[in-house]
Amino acid sequence: MALVHLNMLWKFSQNSTSANYLELFSVLVRGNALRQGSSWRGSRLLVALLLVALSACGAATWLYMTSLDSDVTETLVSQGELVAPQPRVYSVQCSEDYDNYKRYPGCTPQKCGRAVTDGVVTREEAQTLRRLAERGLALAGSEGGASILDLHSGALSMGKQFVNIYRYFGERLKDVFTQEDFQLYRDVRGRIQEVIAQTFGLDPALMYLTKPTFFSRINSTAAKTQHDEYWHPHIDKVTYGSFDYTSLLYLSDYGSDFTGGRFVFMDQNGNRTVEPRTGRVSFFSSGSENLHRVEKVMWGTRYAITVSFTCDPAHAISDPALP
């Protein structure tokens, strides 16, 4: 709630700035009207003052328009960059969130940060996974802008509710998914786990897949339920408890498949974004050192997979398999 109030205060200050420029413009115009009919020198002054006022209004307009995009102060990785073979790593200080849970040596974060790589999943593999998501989500889908497909639990958005695809569709799923689809999913999950372990100096055998791990499809359709409101800032460790490391595998391209929808890290000294690219993996420690949100998608469709890991074996989930 504090973030909402700060944002409202910031917008108010921006609007106040624009209002001040407009007031200046009005004063100048009224003053110049009193001098109309004077000498050519007075007319020249009028023109000069009008130009100043128009420049001020133009500056105010520019400030307002740029403020609409000023949530992002730095682009960590753009869509057009290729980050390979090594991840690009940004270190941040670990929060105290992990102290509220049992610590697991070899897994619980000792160093925290965020990283991006285009060298773990090929573009072709990501496109195959996107087709898997498209087929699965075509079975139903949300009425709002965000739909999910969780192959582990079977959860699928259907209107304003969720259904279990394994119970609801049963044997018909063999006409939708193949064993090869699920094998690729498991292979990709393993590679993501490995690169997270290498980057943060962990033992991958002590990391466990956890829920929710799911495909997401987001478009510009208005939200119908709270489940569709994907854009709120949040902390994964606080929201889910079991999360220690979070990753996103992007299955579509920012700027061509969709606009908006960038992933935004919200830091005290500015917000930093990762622009999605097909096959790109973004991953980070899940505590409040990585408060984040997703921008609202403005047009097109954004596909991604969220893959989450825990250090607590009690919260482990298995890889999915066709029934």
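Helices (H or I, at least four residues) and strands (E, at least two) are DSSP runs, numbered from the N terminus. This is a predicted model: local features need pLDDT of at least 70, side-chain atom pairs count only at pLDDT 80 or more, and totals for chains, interfaces and linings use all residues. Residues are numbered from 1 along each chain as its sequence is written, and side-chain values use heavy atoms, without hydrogens and water.

**Exercise 1. Describe the largest cavity: its volume, its lining and the class of its residues.**

Step 1. Work on a 1 Å grid over the protein atoms alone: a cavity is a set of points where a 1.4 Å probe fits but cannot get out, a pocket is an open set with protein on both sides within 12 Å along at least five of seven lines, and lining residues have an atom within 4 Å of a point.
Step 2. Grid points are joined across faces, edges and corners, and a volume is the space filled by probe spheres set on the points.
Step 3. The largest cavity has a volume of about 40 Å³.
Step 4. Its lining includes Leu129, Tyr185, Thr213 and Ile305.
Step 5. α5 gives the most to this lining, 4 residues.
Step 6. Ala, Val, Leu, Ile, Met, Phe, Trp, Tyr, Cys and Pro count as nonpolar, Asp, Glu, Lys and Arg as charged, and the others, Gly among them, as polar. The largest cavity's lining has 7 nonpolar, 1 polar and 1 charged residues.

**Exercise 2. Do likewise for the second largest pocket.**

Step 1. The second largest pocket holds about 900 Å³ of space.
Step 2. Its lining has 41 residues; Ile148, Phe214, His227, Tyr230 and Tyr240 lie nearest its centre.
Step 3. β8 supplies the largest share of that lining, 5 residues.
Step 4. By class, the pocket lining has 16 nonpolar, 16 polar and 9 charged residues.

**Exercise 3. Find the contacts of Phe177.**

Step 1. Contact means heavy atoms within 4.5 Å.
Step 2. Leaving out residues up to four places away in sequence, Phe177 touches Leu132, Gly136, Leu149, Leu151, Ile165, Phe182 and Leu322.
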